[in-house]
Amino acid sequence: MKEKISGSVLHCSFCGRSRDEVEILIAGQDGHICENCVEHAQEIIDQELHLKENPQAQGFSLNVKKPMEIKTF
């Protein structure tokens, strides 16, 4: 049995999988998201938060000079 809203089959607004292809389809105001996309989004969030907490993980290191070192430059 396929669920329908306004004559169309419900699907994930992110990956396009239909309700029959996923276990969970969470409804929002203007769309839906499946459990697979939620897991993927959580992985992205974890990576972004890790990069913000650990700037060296981004491959960037900030070397701040002391005022006397700046003057001698």
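How many disulfides does the structure hold?

Start with the whole chain. This is a predicted model, so colour it by confidence. Across the protein the average pLDDT is 82, and 78% of the residues score at least 70. Now select residues 4–5, which form strand β1: here confidence is lowest, with a mean of 50. Then jump to residues 32–34, strand β4, where confidence is highest, at 96.

Next, switch to a cartoon view. You will find two helices and four strands.

Of the 73 residues, 15% are buried. If you like to look at contacts, consider those between residues at least 6 apart in sequence: 4% of them join residues at least 24 apart.

Now for the cysteines. The structure holds zero disulfides. Select Cys15 and Cys12: the sulfur of Cys12 is the closest cysteine sulfur to that of Cys15, yet the two are 3.7 Å apart, which is too far for a bond because a disulfide needs sulfur atoms within 2.5 Å. Cys37 is in no disulfide either, and its nearest cysteine sulfur, that of Cys12, is 3.7 Å away.

Cys15 is partly exposed, with a relative accessible area of 34%, whereas Cys37 is buried, at 14%.

How values were computed. Residues are numbered from 1 along each chain as its sequence is written. This is a predicted model: local features need pLDDT of at least 70, side-chain atom pairs count only at pLDDT 80 or more; totals for chains, interfaces and linings use all residues. Side-chain values use heavy atoms; hydrogens and water are left out. Buried means under 20% relative accessible area, exposed over 50%, partly exposed in between (1.4 Å probe, protein chains only). pLDDT is the predictor's confidence in each residue, from 0 to 100. Contact means heavy atoms within 4.5 Å.
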